[in-house]
Amino acid sequence: MISLRQHAVSLVAIFLALAVGVVLGSQTVAADLLHGLRADKTDLRKQVDTISEQNGRLSGELNAADRFIAGSSSRILPGTLIDHSVVVFTTPDADPADIEAVTNGLDTSGATVTGKIALAEALLDTTEGDRLRTTLTNVIPAGAQLRSGAVDQGSMAGDLLGLVLLLDPANSQPRSTPQELSLALETLRGGGFLAYGDTPVDPAQLAVVITGEGARSNENGQGSNIARFAGALRGRGAGAVLAGRSGAADAPGPIAATRSDAALATTVTTVDNLDREIGRVTTVLGLSEQLRGGAGRYGTGTKANSLTLVALPH
């Protein structure tokens, strides 16, 4: 008969054997795993090197394309907007280099830039909605009224500024007196909603809204408000283009919001690669397209339907 002590010794021997087996087995597995990791590391290094080489080549090609387009813009753009006027709006995150490039492109096209207006965060921030609405309703030109559907602050601001800053597309005449225009702009500037220089801003036929990457689009509805602002401008003038960088084409960015709205997508031209030369040229050409009743979605971002558009006849 097996004693309790013998039974205990047997159990200890069994567990010891299991432990030794686990250790030996783990060492074998570890050795196999280490060998496999070394092989994987070598493969991954090769893949990384291949991808880096491809990226380097593609970056070189892209930079070469930028240089070619920059050099060709002086032949593509002249005359495309001759005898037409444009007012430029910028959002708080717009890149200064993009603003300068678009402005230069407009000059090359023959357009007259009647003014540059920087939209402040307060104009786009939903927490400032009530204060903005009160300000806007106090500066509506005599005999005019805002569109009944313009109830959100982006639409209201775009509608009011479109009313005083964009010529009537039916007769190319202003819809406000110089005094009414000055009052509206000075009141909005005094309220911290926008900024502009000392040079007077005059009415124009067309509007371009330059935005950035859309990094803060989710904060207090800024992305949606920029989209609706551009849409309301388009409703008052002969055309409007909303242009920004690739991030603005991702939800909830302003370009994404514009392209996701059935009405805005078919009326406002959007460009999502403004950091590249092709996007800057496309922005100017997009205004020509707007004059002819068209609207496109250009760039490489979500819902873009073409990289650019061909130069239109002068």
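Q: Over which ring does the charged end of Arg189 sit?
A: This is a predicted model, in which local features need pLDDT of at least 70 and side-chain atom pairs count only at pLDDT 80 or more, while totals for chains, interfaces and linings use all residues. Residues are numbered from 1 along each chain as its sequence is written, and side-chain values use heavy atoms, with hydrogens and water left out. A charge sits over a ring if NZ of Lys or CZ of Arg is within 6 Å of the ring centre and within 35 degrees of the ring normal. The charged end of Arg189 lies 3.9 Å from the centre of the ring in question, that of Tyr196.

Q: What kind of aromatic pair do Phe89 and Phe229 form?
A: Rings of Phe, Tyr and Trp (its six-membered ring) pair if their centres lie within 6.5 Å; planes under 30 degrees apart count as stacked, over 60 as edge-to-face and the rest as tilted. One aromatic pair is counted by this rule. With 5.4 Å centre to centre and 80° between the planes, Phe89 and Phe229 are edge-to-face.

Q: Is Phe89 buried or exposed?
A: Buried means under 20% relative accessible area, exposed over 50%, and partly exposed in between (1.4 Å probe, protein chains only). The relative accessible area of Phe89 is 0%, so Phe89 is buried.
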